[in-house]
Amino acid sequence: MEKAIIIAGPTGVGKTKISVALAKKLNGEIISADSMQIYRHMNIGTAKVTEEEKRAVPHYLIDVVEPDESYSAHDFQRAALDCIKDISVRGKVPIIVGGTGLYINSLLYDMDFQSEISDFSLREELRRVYEKQGEEVLIDVLRGLDAEKANSIDKKNIKRVIRAIEIAKYKEKNKDFSIDILPRKDMEFLLFILSAPRQELYHRINIRVDTMLEEGLVEEVRNLKTKYFLTREHQSMKGIGYRQILDYLEGSIQKEQAIEKIKQESRRYAKRQLTWFKRYQQGIWEENYNFEDILNLFYDKSTEFLMKP
């Protein structure tokens with residue numbers, strides 16, 4: 001049975017730095033579980049791993065598709081499982097690193113994406129209802145199908161509300177993959193969740209956004225928009241940072257507004273990530289300021305896990 005290590009956590013917490021250091025100590029190779037780093041030419045806004053870091057440790061599932069292409073959790077699952085097997089066969093340690101919850105879920109649990117039923121006509125109909133009548137009408141529709149979900153869902157996330165209605169409508173044939181609980185039996189995972197005190201994390205995120213702007217995020221988005229004729233409908237441009245700068249370039253908001261929105265949405269996303277990862281009771285959480293302490297803990301736990309029969 002293959003064994004793999006997962007380092008998960010919210011955006012801006014420092015997963016890349018610790019994963020590269022751990023991979024060096026364990027003779028490991030890294031598989032990215034980041035739904036934005038899959039895109040080529042999108043480096044600044046995704047805080048993509050550097051060429052120096054890639055030279056130090058092999059990385060996989062980075063720069064997989066063009067910015068005008070789509071990539072699903074199912075695509076990730078298949079590719080990541082293949083990478084884990086290949087790395088293991090070569091006597092290396094697979095280390096999955098990222099903050100995309102559904103990607104992590106697809107590895108920890110035996111998610112059968114083949115059973116997913118999608119009703120695109122229903123989605124379009126619900127989208128038109130929202131545009132004409134607002135979000136409360138959709139919530140009422142969801143409440144009639146799944147009251148518990150309607151009470152807990154983020155009402156402002158219209159895409160998620162529509163998807164919840166679709167799932168509830170086809171619940172006998174469809175799965176809400178975010179709550180799959182059947183652990184994978186063909187692989188064993190050690191899950192680390194890197195965290196930080198809330199205010200410290202938010203401070204890091206704000207600094208990170210400022211750094212992205214200084215490094216040329218606006219120009220990166222402008223070049224992508226021109227080369228690929230990208231709009232907000234493209235999956236790649238729905239990422240935080242990209243959609244706000246795209247709005248700025250198209251004149252719907254001012255630059256200062258775009259920057260503040262990026263920071264705000266990044267903080268909200270980090271909060272949602274932490275909420276998601278709390279569902280993993282098997283996770284080993286670490287909230288520590290000292291890099292060496294974290295590295296030593298992860299190394300000791302990983303060595304113990306890898307040596308266990």
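Let me begin with Arg 184, which counts as buried at 11% relative accessibility; buried means under 20% relative accessible area, exposed over 50%, and partly exposed in between, with a 1.4 Å probe and protein chains only. This is a predicted model, in which local features need pLDDT of at least 70 and side-chain atom pairs count only at pLDDT 80 or more, while totals for chains, interfaces and linings use all residues. Residues are numbered from 1 along each chain as its sequence is written, and side-chain values use heavy atoms, with hydrogens and water left out.

The side chain of Arg 184 meets that of Asp 186 in a salt bridge, at 3.8 Å from N to O. By salt bridge I mean a side-chain nitrogen of Lys or Arg within 4 Å of a carboxyl oxygen of Asp or Glu. Asp 186 is partly exposed, at 37%.

The whole structure holds 18 salt bridges. In one of them, the closest N and O atoms of Lys 48 and Asp 63 are 2.5 Å apart. Lys 48 lies in the loop between β2 and α2 and Asp 63 in the loop between β3 and α3, so this pair ties together parts 15 residues apart in sequence. Helices (H or I, at least four residues) and strands (E, at least two) are DSSP runs, numbered from the N terminus. Lys 48 is buried, at 9%, whereas Asp 63 is partly exposed, at 26%.
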